Amino acid sequence: MKIGLALEGGSRQTIFTAGVLDAWMDEDIYFSYFTGVSAGCHAAMNFVTRQRGRFRHIIQPTKIQHGMDHANRILDGIQKECHALHYNAAYGDIPFDFHLFFGSGVECEFGLTCCETGRSEFFQEYMSEKRLLDIVNASSALPILFPIAEIDGKHYADGCVTSPIPYKRAFEKGCDKVVVVSTHYPGESVTDFRKFRMVLNPVFKRKYPDFFRALMLRYKRYEKMFAEMEKLEKTGNLLIFRPESKVCDLFETDREKLDETYNMGFEYAKRRMGDLKAFMEI
């Protein structure tokens with residue numbers, strides 16, 4: 001039986017995912033297929049290499065950022081996010097094990113949004129360190145905050161725009177069952193890019209009209225996606241792990257709040273370990 005893992009992004013909110021994955025590593029949980037978008041790509045990379053605690057480490061803020069006022073914390077958090085996911089994702093204090101990743105034999109795909117078409121595209125890379133990083137960083141390129149990325153002559157942005165949780169891709173790739181890790185608790189509202197139309201319009205509407213349209217419809221895509229996942233969970237084909245209450249902010253730099261969210265994910269995963277093993281028929 002082929003069981004896949006689909007990971008949502010969410011900037012520093014994915015420290016919840018870090019807690020979940022660390023708990024699974026402690027129990028030697030493995031999957032034969034991985035897919036992620038945005039920061040979920042980085043989580044997937046570190047889970048493949050079994051580098052326990054590394055993903056949590058690279059998205060933690062510096063000591064200087066801890067305790068900043070809210071406005072500066074958001075701005076500096078964005079800057080730290082860029083640094084963490086573009087440099088620490090590979091090197092930093094704990095280098096990423098490229099050799100192990102490339103030789104793992106695990107199928108791992110990363111979702112990006114093509115600006116020219118406004119559709120999802122999925123990439124794999126098992127040879128080039130630079131290309132792998134280009135792909136996962138492009139998937140984290142949140143519109144406006146990060147520059148549009150170019151790969152193979154085409155332009156890409158955050159994978160969460162068109163495939164917020166890529167569970168459908170896992171089924172398309174032949175998975176019989178899919179485990180999902182989301183960073184949104186039930187009923188939580190997601191970012192509605194229509195609120196930023198005045199800023200996004202001059203940047204994207206003329207040059208990338210299909211991408212602009214995808215941004216404006218993202219909130220509807222989320223609603224439909226969660227409804228579909230809940231149906232699949234009832235049929236026994238999908239299992240969702242998600243927070244039971246609000247997690248930290250997207251660009252949180254308060255280490256205590258981040259630790260709380262990490263512990264929330266870790267304890268939640270431990271509590272539901274029986275559900276996971278039963279689902280995977282371990």
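Modeller: The protein has an accessible surface of about 12,500 Å², with 52% of that belonging to carbon and sulfur atoms (Shrake-Rupley method, 1.4 Å probe). This is a predicted model, where local features need pLDDT of at least 70, side-chain atom pairs count only at pLDDT 80 or more, and totals for chains, interfaces and linings use all residues. Residues are numbered from 1 along each chain as its sequence is written, and side-chain values use heavy atoms, leaving out hydrogens and water.

Colleague: How many helices and strands does the protein have?
Modeller: There are 12 helices and 8 strands, taken as DSSP runs (H or I, at least four residues, for helices; E, at least two, for strands) numbered from the N terminus.

Colleague: What about Lys177, buried or exposed?
Modeller: Lys177 counts as buried because its relative accessibility is 12%; the cut-off for buried is under 20% relative accessible area, with a 1.4 Å probe and protein chains only. Lys177 sits in strand β7 (residues 177-181).

Colleague: And which residues does Lys177 touch?
Modeller: Leaving aside residues up to four places away in sequence, Lys177 touches Met1, Lys2, Ile3, Gly4, Phe171, Gly236, Asn237, Phe279 and Glu281. Contact here means heavy atoms within 4.5 Å.

Colleague: Zooming out, what share of the protein's residues count as buried?
Modeller: 55% of the 282 residues.

Colleague: And how about contacts across the sequence?
Modeller: Take the contacts between residues at least 6 apart in sequence: 77% of them join residues at least 24 apart.

Terms used: Buried < 20%, exposed > 50% of the residue type's maximum accessible area, 1.4 Å probe, protein only.
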